[in-house]
Amino acid sequence: MTMTLVIILGVIVFLALWFVGVYNRIIGLKQNVENGWSQIDVQLKRRHDLIPNLIEVAKGYIAHERGTLEAVVKARQQAVDASGLKDKQQAENFLSQTLRSLFAVVENYPNLKADQHMLKLQEELTSTENKIAFARQYYNDEAARFNTTVQTIPNNIVAGMAGFKSYEFFEIEDKAQKEPPAVKF
Amino acid sequence: MPYSFTKIEQDKTRTIGFVFVFLIILYFLAAWIIYFVSKVYFLSEGEHYAHYAAAFSVSASETLAVLGIAFFIGLTHWFLATANLIPRLCGALQAEALNPKDTYHQMFQNIIDEVSIATGGRKIRGVVIPTGAMNAFAIADFEGQAVIGVTEGLLTRLSRAQIEAVVGHEAAHVVSGDCLNTTVAVSLFEVYATMLSRMKQLAKGVDGRSSGRGGGYVAILYGIIWLVTNVSYLLNMFISRQRELRADAVAVRLTRDPLSLAEALYAISNRWRGGGIPGEEIKAIFIVNPSYSRLDEGRGWFSDLFSTHPPVNQRLDVLLGMAHSDVATLEKGLVQHKPKQRIYDPGEEQIGREQISSPQTPMKQGVMAGGLPDGATNATVSREWIAHKDGHWLGPFTAEQMGTLDWLRPDSWIKCFGTGRIMMASEDEDVNRVFQALYGARGSKAAGVDCPKCRIPLSEISYEGVPVLKCPRCSGILVGETDIYRILIREDFSFSDRIAKMAGVIKKEQAKWAIGKIDLKTVNLLSCPKCQHLEAKMVRMFYSLVYDVEIDKCIFCGFIWFDKDELEILQYLVEKNTKKEI
């Protein structure tokens, strides 16, 4: 009688400890994912802040390229207003595209290209783009780890009971980057 | 899971523990041998065989005492080596903090920030070594601070993506924790290296005074240090060469760009990696061994045990395997760095071209002094000048008249009637005073630093990414003491024909030994614009024995004043020289 009680108690204590252990680990992973997400947010905001300066400098040289400049301004506004992961992704990808077409235009104006402020802004924007890419990479890695942890047996029991949901990935809708690389033999 | 931090923490402590024990054992053996030898030596003086026997039997208490001494010395060494880890090693490497105004440094800082995000937010500081060699290193200390350093040569010659890959590699060392092991092991060794160099100085000093006995003692001391230094190569055993391969792999995980890392490694290993730079002896922290070592390129257990870096070929193979490429494609794909066309102020360039095309081109007096009639003694006779414009001499003008000529610039050539001497307008006191009056009224003179020739405020510009002070009027440039190295290393811009021709003249004169020394009698020494409170004069000198470009250097602050074109000519000479060597 006491023997079974002890065994049952032991099992309960073991289960409780296991539950706490798994729960804490998932919380740790969740922290990483959220840290990654906040980093993406910071860098996206930085990009939004840089663009008005860029437009200001570019205007001095290529005021007549109205369409390109306005497209960037509009895309930026959309990106600032966007909320929710899906919307944000779309708006940011669109902004990246318009920026790329702006830089393609800049290539045709050597004076603008050599402008000290332009060079500085271009370096800052390149850096910010890279930071966004790395932050996204980190976020996706951490999200994948989190998702794997909460979806595998037996952790999914704990995750289900505590109500943890999988994270969505922050993906890119970029044609050039989505195409598989050509493999030559 | 990429790495578990608890496991790294354990590994780290274990390796560092091993290093410490090794150090104590080393000192114990050394102390024991010294003790034993001296005991035998002193006891055998009596020539009693019984004493020999006594000498060979070392009691337990003696061993314990020796062990105690060894432990004490080892502990002292340990604390000496690990205190102030990062500043001390940076000092040994002569690494400098980043200049936020320098565009190359800005880019480097940005890259570090980017990679830091990829690691999940590890704080890393950047430093640069002002040398043309190409290499990179990472160090860390017990408090968790980390520093990544690169050379100026690396910043100049690699593309942004390649630098990113290199920084990724170094960041991999930092996050995986092997950086701390290496730093500690290397730092223990560095203490010896410093001691050795101090000893050398000491030995030299004693030799100079030449007291035979003192020299003997120094030689013995020198010998001991040399022995210990060589034994300390054994410390390399604790630095696994595999760690570089692991860091390469983690770098690819961080930056997802194996091809750029392979290109960077290829470029570094095929150029000057930094043999001979200060701090070379602490090679283990660098991405590629600064000095070529056969041990490194070898495989097998002996190389595995004693070398600090894996063979470059092996690393390239692994990386290119990830990028589905091979060395031949890599070599084909490498783009030669092309300098951009220098953009001139249009007016400036025109004047320059005219100067060189006119037959009676007046060259700078330092170059042509031999050929010109030089009668500086009767300078008081007449104060009228003719000035050189568009290939013709115009004039005569008085000093006041010259002030009204709108085409006359401080670097225009003028000829004084009385003396017949040809000089730049700014070199004559009277003419210059007129200029000063003219410009002093206009410019806001009080602010900042003034041009030593025109007395108008210098404006800060970016020259090859380096912030320098330039005179808007005479185009003279004031460059900081260490910044000149950066400018000479960087090759952003190509040169105009005019500069090439002028440099050619200097080179030819140099080959004929026609340039001897600067005639200081005819030179007005400039006052240093930075050290006005000291009223310091700048010294007129050649840049170096090899490069006979006239410069003005302040001996207090080290800033160098280049007249118009002089800096470009110097750059031209230096770049052409380096090209020839490689």
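A salt bridge is a side-chain nitrogen of Lys or Arg within 4 Å of a carboxyl oxygen of Asp or Glu. In this predicted model, such a bridge joins the side chains of Arg256(B) and Asp141(A), with 3.0 Å from N to O.

**Extent of the interface**
- The contact between the chains involves 18 residues of chain A and 20 residues of chain B.
- About 1,600 Å² is buried between chain A and chain B, and 53% of this lies on carbon and sulfur atoms.
- Of the area that chain A buries against chain B, 34% is supplied by Glu123(A), Phe134(A) and Gln137(A), more than by any other three residues.

**Polar links and make-up**
- Between chain A and chain B there are 2 salt bridges and 9 residue pairs in polar contact.
- On the side of chain A that touches chain B, α1 (2–62) and α5 (116–151) of chain A each supply at least two residues.
- The most is given by α5(A), with 14 residues.
- By type, the residues on this side of chain A comprise 4 nonpolar, 8 polar and 6 charged.

**Nonpolar cores**
- The largest nonpolar core contains 66 residues, and Phe108(B), Leu158(B) and Val167(B) have the most contacts inside it.
- Helix α5 of chain B (residues 103–118) provides the largest share of this core, 8 residues.
- Beyond its neighbours within four places in sequence, Val167(B) is in contact with Phe108(B), Ile111(B), Ile112(B), Val115(B) and Ile148(B).
- A second, separate core has 35 residues, among them Leu23(B), Leu26(B), Leu188(B) and Phe189(B).

Note on methods: Residues numbered from 1 in each chain as written. Chains lettered and ligands numbered in written order. Predicted model: local features only at pLDDT ≥ 70, side-chain atom pairs only at ≥ 80, totals over all residues. Heavy atoms only, no water. Contact = heavy atoms within 4.5 Å. Buried area = accessible area lost by both parts, 1.4 Å probe. Polar contact = N/O pair within 3.5 Å; in protein donor to acceptor, adjacent residues only side chain to side chain. Helix = DSSP H or I, 4+ residues; strand = E, 2+ residues; numbered from the N terminus. Nonpolar A, V, L, I, M, F, W, Y, C, P; charged D, E, K, R; others polar. Core = buried A, V, L, I, M, F, W, Y, C linked by side-chain atoms within 4.5 Å. Buried < 20%, exposed > 50% of the residue type's maximum accessible area, 1.4 Å probe, protein only.
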